[in-house]
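Please keep the structure open while reading.

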Amino acid sequence: MTATVSFTIDSPLGPRTATVAYERKGAGEPLLLLHGIGHHLQAWHPVTDVLAGQYDVIAVDLPGFGASAPLPEGVPYDLATVAPALGALCAALGVDRPHVAGNSLGGLLALEMGRTGLARSVTALSPAGFWTQGERRYAFAALRAMRAGARALPRPALERLSRSAAGRAALTSSIYAAPGRRAPEAMVAETVALRDATGFEQTLAAGGSVRFTEDVPGLPVTIAWGVHDRLLLRRQGVRAKHTVPGARLVRLPGCGHVPMHDDPALVSRVVLDTARSATPAVI
């Protein structure tokens with residue numbers, strides 16, 4: 001069941017109020033799940049129940065995506081603002097230093113939360129920020145094309161496309177290794193989420209100069225990459241390992257850019273292994 005929470009964030013304009021949608025289930029140490037640009041918290045649904053068997057799982061819609069409100073007018077969607085805002089979200093939910101797992105943009109945010117002491121372990125699935133300028137331009141062009149396609153498709157046409165494996169491949173083959181296996185209703189919902197994402201353009205604009213260049217010491221970090229990732233190419237995982245030398249680098253066979261759907265069991269195991277390796281929090 002989706003709920004919302006409002007909380008105060010620090011911004012270059014001073015304190016402002018953000019409102020975020022989230023789903024929470026399970027019990028145990030907290031585990032925060034962060035989706036990628038243009039997606040929504042439902043991206044994690046294939047693995048949520050498994051993770052919630054051992055952890056207090058909190059899946060969020062990032063500000064400006066899914067059912068979350070956009071950031072207040074003038075507040076930037078940059079790493080220096082959004083990562084601390086997620087820390088403020090956790091505090092509003094009564095959570096201190098969760099385990100954090102993120103995909104793409106969410107993986108970059110997870111690493112930044114780990115770097116700044118806001119996470120007790122980090123699992124980053126195809127995280128943004130380890131690209132060359134050419135790779136970044138390619139990824140951003142692909143994302144803009146997906147967004148343009150989502151906005152151009154009338155709802156009846158989208159629903160017709162989603163009912164066939166070929167149509168689902170046409171819609172999302174750039175982010176899934178096996179898009180034909182996606183449920184039609186899930187495909188429609190995520191395409192609508194991409195179409196309606198109020199934070200999309202500002203997030204891309206903020207990401208134009210982003211490179212993750214610092215280590216994340218003192219906590220378990222796993223960087224996992226889909227072997228068939230067509231959006232952020234898997235060689236970026238090698239750069240990520242050089243940047244965060246203590247990280248475990250894992251290849252995800254049979255997976256694309258959003259691996260939670262391509263192999264839920266494998267992704268669940270990677271997240272759980274990382275979280276279990278963390279030193280238990282002192283209460």
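Helices (H or I, at least four residues) and strands (E, at least two) are DSSP runs, numbered from the N terminus. The model is predicted: local features need pLDDT of at least 70 and side-chain atom pairs count only at pLDDT 80 or more, while totals for chains, interfaces and linings use all residues. Residues are numbered from 1 along each chain as its sequence is written, and side-chain values use heavy atoms, with hydrogens and water left out.

**The sheet**

Strands of a sheet pair through backbone hydrogen bonds, either parallel or antiparallel. Here, two strands pair if DSSP finds at least two bridges between them. An open sheet is formed by 8 strands in the order β1-β2-β4-β3-β5-β6-β7-β8, with mixed pairing. At the edges stand β1 (3-9) and β8 (248-252), each with a single partner strand, so one side of each has no neighbour in the sheet. On average, neighbouring strands are turned by 25° against each other, direction ignored. Axes are lines fitted to C-alpha atoms, for helices over the stretch in contact, and angles run from 0 to 180 degrees between N-to-C directions.

β3 (residues 30-34) pairs with β5 in the parallel sense over 4 bridges, and Leu 34 has Gly 102 of β5 as its bridge partner. Helix α1 (residues 45-52) touches β2 (16-25), β3 and β4 (56-60), and its direction makes about 70° with that of β2. Helix α2 touches β1, β2, β3 and β4, and its direction makes about 120° with that of β1.

β5 also pairs with β6, in the parallel sense over 5 bridges; Ala 101 stands opposite Thr 123 in β6. Is β6 mostly covered, or is it open? Of its 5 residues, 5 are buried, where buried means under 20% relative accessible area, exposed over 50% and partly exposed in between (1.4 Å probe, protein chains only). Ser 121, Thr 123 and Leu 125 are buried on one side of β6, and Val 122 and Ala 124 on the other.

**Two loop residues and a helix glycine**

Most residues other than glycine have a negative phi. Arg 97, in the loop between α2 (79-92) and β5 (99-103), has a positive phi of about 45°. Arg 97 counts as partly exposed because its relative accessibility is 35%. Ser 126 has a positive phi near 45° as well and lies in the loop between β6 (121-125) and α4 (133-152). Its relative accessible area is 1%, so Ser 126 is buried.

Gly 134 is in helix α4 and, with a relative accessible area of 37%, is partly exposed. The C-alpha atoms of Gly 134 and Ala 224, 90 residues apart along the chain, are separated by 22 Å.

**Nonpolar cores**

A nonpolar core is a set of buried Ala, Val, Leu, Ile, Met, Phe, Trp, Tyr and Cys residues joined through side-chain atoms within 4.5 Å. The largest has 85 residues, and Leu 34, Val 60, Leu 86 and Val 221 have the most contacts inside it. Leaving aside neighbours within four places in sequence, Leu 86 is in contact with Leu 34, Val 60, Leu 62, Leu 109 and Met 113. Another core, of 5 residues, lies apart from the largest one; among its members are Leu 158, Leu 171, Val 188 and Val 192.

On a 1 Å grid over the protein atoms alone, a cavity is a set of points where a 1.4 Å probe fits but cannot get out, and a pocket is an open set with protein on both sides within 12 Å along at least five of seven lines; lining residues have an atom within 4 Å of a point. Grid points are joined across faces, edges and corners, and a volume is the space filled by probe spheres set on the points. The whole structure holds 1 cavity of 30 Å³ or more.

| Largest pocket | about 270 Å³ | 21 residues | α4, 5 residues |

Closest to the centre of the largest pocket are Met 146, Leu 171, Thr 172, Ile 175 and Leu 194. Helices α4, α6 (165-172) and α7 (184-196) each supply at least two residues of the pocket lining.

Technical notes. Contact = heavy atoms within 4.5 Å.
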